[in-house]
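Subject: Structure handover

Hi,

Here is the structure we talked about. Please open it alongside this note; my findings follow below.

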Amino acid sequence: VSDTPERGVIALLTAQALAFGVTLALVVIPANAIFLDTYGAKWLPATYIAIAVVGTAASAFVARAARRTRLVRVATVSLSTIAVLYAASWLVLVAGGEWVSAGLLVLFPIALQLGFVFIGGQAGRLLDVRQMKEKFPRIVAGFTVGFLLGGLLAIPLLALLGSTENLLLGTTVAQIAFLGLLLETERRFPEVHAAPAGSSGEARRPSARVLFASGLVLLLLVYQVLSAMGSWLVDYLLFNRASAHYSGDDLTAFLSWYTAVLNLADILFLALVAGPLMRRFGLRLGLVLNPAVVAAFLAVMAVVVAGPGAAAYGLFMLAAAARLADIVLTDGTTRTSVNAAFQMVPIRDRLAAQAVVEGIGVPVAIGVTGAVLLLMNLVGLGIGAVIVFAAVLSVVWTASGVVMYRSYTRALSDEMRRRSLAPSGYDLAEDDAALETLLRSDDARDVRLALDLLAGVASVASAEALRQASEHADPDVRLRALVQLAAGGDADAAAGAAALATDLARSADPGERRAAAAALGPRRIAAAGQSMLIGLLDDPEPTVRAAALDAVVTADADEQEVVRRVVAALEEPRTAGNATAAVRRLGSSAVPLLAAALARDGAPRRLPLVRAAAEAATQHGLAVIEPALRDRDRVVVLAALDAVAAADGAAVVPPDLLDEMFHDAAAHAARALAAQTSLAAPDGPLRRALEDESDLARRLVIAVLALRHGDGVRDAVRVVDGAEGQRRALGVEALDVLISREEAAVALPLVRRDLESAEQAAALGQLAPSRDEEEWIADLAADPQDVWRSPWLALCARHTAGRPPG
Amino acid sequence: MSEVAQASVGSLGLVERVAALHRVQLFGGIPGRVLAAVAEAAVEQRMSAGEVLMEEGAVEAHLYAIVEGRVRVHRGDRALVELGPGATVGELAVLVPAPRAASVTALEPTLVLRVDQGVLDELLVDWPELAHGVIAELVARLRATTEFADQAS
C-alpha cells in the first residue's frame, strides 16, 4: 500500500475539478440571474421536477453507455455534448430566447452529478481505497476553488463581455478545458481505461437485481437520496430565511458575502481538516458526520421556531450555519466516503452503479424535495413544518449512514474471505453402481477407495461385492471388507474380522499391523479390542502408532492406559496430529493428564500439547490452557492463542488477559523495531534476531485481534501479505474497519510489510524508550527489566558486542 | 532456553551455526531462536577434498547442510550435480528413510552440519512453512537432475 499515488495523478484530477468548478459557477450565475429576472422564484419548483425527469434520463443514458464502452469515452461524449449545449444556449439567449435559462437551471445539477461521476470514476481507477480516503478531499477542493474562481471571474467577465448571457462563452471555454484535462489524464495514465470487465463484445448489462444484490448499492442509493434531500431542504431554508430578512441589493450583497465565506470555509476544511479526519476516523465517521451535524442544527432550529419564532434572526443565522456545515461536510467527508464505499462494488458494475446512485437517485431526490415543498406551501404549512420534516429526514439519513457503514465492513470482510476447502456433505446413494464397480475391481487401490468411501456411510452397495472383496489377496483390503460387512450385521464377517485383525496385529510387517490398527476404528471388532489397541499404541513403528491413535474412540476414555498413551503421543512429532484428534474424542478424561503435562517444565514448547490443551479448554475452561497463555516465552503464548482460535475458543480467554497480551506484544514490537533501527550494520545475527522478534510480536498482535474481532482479521492480514496494489489497500482498509482506533494505531504499522522497519519504529515510537545502538545492545544482552525474555536475543547481542557468552 | 546461552559445540559458535543454517535455503525462513535448537542438535563435520560424505546405498536418516566448500553428488563415476554453501544433501532419506540414492564427495575442504531426522520431524510439526521449503528444494533437485540427464543423453 503506497501512500503516494503515481506522480501527476492528483494534480490532473484536481485540475479537472477546478475547471469543472469554474464551469458550473459560470452556469449558475447567468442562469439564475436571467431566470429570476424573467420568471420570478415561483417557477423554481417546476425546475426541480424537470431536474428529476431529465436527470434520470441522462443518467440512464450514461449508465447504459458505461456498460458498452470505456469510462473516458462516456465522459468525453457527455462533456462535449454539454459544451455544445452551453454554446447553443448562448446563441439562443443572444437571439432573445430567455426560456433557455430554465434549461440551464435544470442542466446545472445534472452536470454537477455527472462531473463527479467522471472524476470519481477516474479516481477509482487510479487510486486505491486508502489513497482515495486521503487524497480525494484535495481533488474536491479543486472544484470548490474553481467555483470560487468562477464567481470572482464573473464580475470582470461581465464588464469585458458586456452582458450576462455572454458569460456562457466563458462557461463553454471552461467546459472545453475540463474535457481537455480529462483527455490528458487518459493519455498520461492509460490505466484509467480499466474498462468494465467483459465490456468488449459481451456488453453485459447488470440488471437492477444484480446491481442491488449485495445490498451495498441499494444502501448507497438510499443514503445519497437522503443526502440530496437533506442538502436541498437546508438550501431552501437558508434562501427562505434570507429572503425574509433581505431584499433587492441587500439580498444580493448577503448572498455574495455568504458564498465567499462558504467557499473559503470549504477550501480550508478540505485542505486542512478533511484528509486527517478521514485518515484517522475513516468511513465510520465520514458517513454519519454530515447528517448528524445537520440534524443537530435542525433540532436547535426547531427549538428556536417553537420559542422565539420563525422570524428570529437567530433562526436565520442557524440556517446559514447549517447550510455552511452541510456544504463543507458534503465535500469533505460525505463525497469521499461514498466514493470509497463504491470501491466495494465490482469494477465491471461500478460506473453503472455510480451512474444510477448519483445520476438518477440524486435528481429524483431533488424532484421529490421540490414536490414536498410545493405541497407544504399549498396546504399552508409554515417554515416550522419544513424544519421538522428536514430534522426527521436527517435522523433517518444518519441511521442510513450507520447501516451503510456496517454493510461496507461486511462487504470488505466478504471480499477478504478465503474460500474454504472444508468438505461439504456428500451423498453416496446415487453412486452405488460406481462403488460396486470399484469394489469388484482387480486393483487393490480401487477397492481401498471404495472401502474408504463406504466407511461410516450407509450404502446399499451389494453384500456380494463386499464378500468378494473380503477374499482379496491383500489382507488390508480383506479386513476392511469384513469390517464393512460386520457393520451391516453379518456375524460371520465380524468373527472373521476379529480373527484376521488379531493375526495382523502380531505380524512382523508394519503394513499389516497398520491395517489391524485401522480396522479397530469406531466399530470395535475384536473382543480384546482395547488390549490390542494398547499394544498397537506401543508399536515401535510411528505409522502404526498413528493408525492406532486414529482408532481411539470415546468409549476408550475409561481406560487410563489408553488415555496416558494418547497424551504421551502428543509430544512425539510423528504422532502429534493423530493424538490431538484422539484427545478430542476422549473428552474430559484426558484433561487432568493434559494439564499435568502442560504444567511440566519445558513442556509448553511442545506445540501439539498446547493445541490439544486449547481444544480441551473450550469445554473445560481457561485453567487447562492458562499455563501456556501466561508462559514467559512469547512463542508459547502465540501457539496457545493460535490454538485457542483454531479450537473456536475465543470466549475462553478473558478480555483483560487479551489486553495484557496486546500491550505486551505492542511494546515488544516497538522495542524490537527501535533496537533494529539503531543498528549500524545492515546485516548480522542480531538484526535477524530482532526481525524475528518483531515478526513474533506482529503475529501476537494479529492473534489477539483475531480472537477479539473474529477471523476477518486473519483474512485481511492474508490479503495484506499476499496481494498488491488496490487489493492490498483493501486488506489494510478491512483491517482498519474491523478493529478499534487504538488497536489500529499499533496493528496497521506492524501489519503493513510495505513499510520500512524505520517507518514502523517511528509509528510505534511512543511505546519504546529512546536509546542509541550501544544502549540497546547492552539492554538486549543483560535484559535487566526482563522484557526481552529471549536467551537467543541475549546471545546475539553479546556476540555483536564481542563479549563471550555468559 | 537457558542452555542456548551456554552452548558452543565444535569449532563454530552457536551464533555462527545459526547464521550458517540461515544461509541454507531450506531453513532461511525459520526464526533464529528456533534454529538455535536445531544448531545445538546439529553435528559439525569437517571434510577434506576427496573425502566421502555419503555412500550410495547406505541407510541413514539425516541430512547435511553445506556451510563451506563444495561437494559432488555422483553415482559411481558419473557426476549428477555439484553443490556449494547453502545447499542441502540427503533430505530424501530424512523424509522417507531409504538407501541413499547417490554418493556425495567433498571437492575441496568442506564444512557441513548434520541434522538428524528427529530434529527435522519436530521442525516440520511446529513450522509447516518448512514443508514448502522441503518441497521447493526437492523440486529444484529434480529439475537439476533432469537437466543433467537431458544433457548427458
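Chain A and chain B bury about 1,900 Å² between them, and carbon and sulfur atoms give 58% of that. Buried area here is the accessible area (1.4 Å probe) that two parts lose on being put together, summed over both. Three residues stand out on the chain A side. A:Arg574, A:Arg688 and A:Trp792 supply 32% of the area that chain A buries against chain B, more than any other three residues.

Before the rest, the ground rules. This is a predicted model, in which local features need pLDDT of at least 70, side-chain atom pairs count only at pLDDT 80 or more, and totals for chains, interfaces and linings use all residues. Residues are numbered from 1 along each chain as its sequence is written, chains are lettered from A and ligands numbered from 1 in the order in which they are written, and side-chain values use heavy atoms, with hydrogens and water left out.

**The interface**

The contact (heavy atoms within 4.5 Å) takes 22 residues from chain A and 25 from chain B. One salt bridge is counted between the two chains. B:Arg33 makes it with A:Glu693, and the closest N and O atoms are 3.1 Å apart. A salt bridge means a side-chain nitrogen of Lys or Arg within 4 Å of a carboxyl oxygen of Asp or Glu.

Which elements of chain A give two or more residues to the side that touches chain B? They are α25 (607-620), α29 (685-709) and α35 (791-801). Helices are DSSP runs (H or I, at least four residues), and strands are runs of E (at least two), both numbered from the N terminus. The chain A side divides into 11 nonpolar, two polar and nine charged residues.

**Chain A overall**

Chain A has 35 helices and zero strands. Of its 806 residues, 54% are buried. Buried means under 20% relative accessible area, exposed over 50%, and partly exposed in between (1.4 Å probe, protein chains only). Among contacts in chain A between residues at least 6 apart in sequence, 75% join residues at least 24 apart.

**Salt bridges**

The count over all chains is 30 salt bridges.

- A:Arg545 and A:Glu572 meet at 2.6 Å, N to O. A:Arg545 lies in helix α21 (residues 542-550) and A:Glu572 in the loop between α22 (560-569) and α23 (576-586), so the pair ties together parts that are 27 residues apart in sequence. A:Arg545 is buried at 13% relative accessible area, while A:Glu572 is partly exposed at 31%.
- A:Arg565 and A:Glu561 meet at 2.8 Å, N to O. Both lie in helix α22, four residues apart, about one turn of the helix. A:Arg565 is buried at 17%; A:Glu561 is partly exposed at 33%. A:Asp538, A:Glu561, A:Arg564 and A:Arg565 are linked in a network of salt bridges.
- A:Arg632 and A:Asp786 meet at 2.3 Å, N to O. The pair links distant parts of the chain, 154 residues apart. A:Arg632 sits in the loop between α26 (622-629) and α27 (634-646), and A:Asp786 in the loop between α34 (773-782) and α35. A:Arg632 is partly exposed at 46% relative accessibility, and A:Asp786 is partly exposed at 35%.

Best wishes

How values were computed
Ala, Val, Leu, Ile, Met, Phe, Trp, Tyr, Cys and Pro count as nonpolar, Asp, Glu, Lys and Arg as charged, and the others, Gly among them, as polar.
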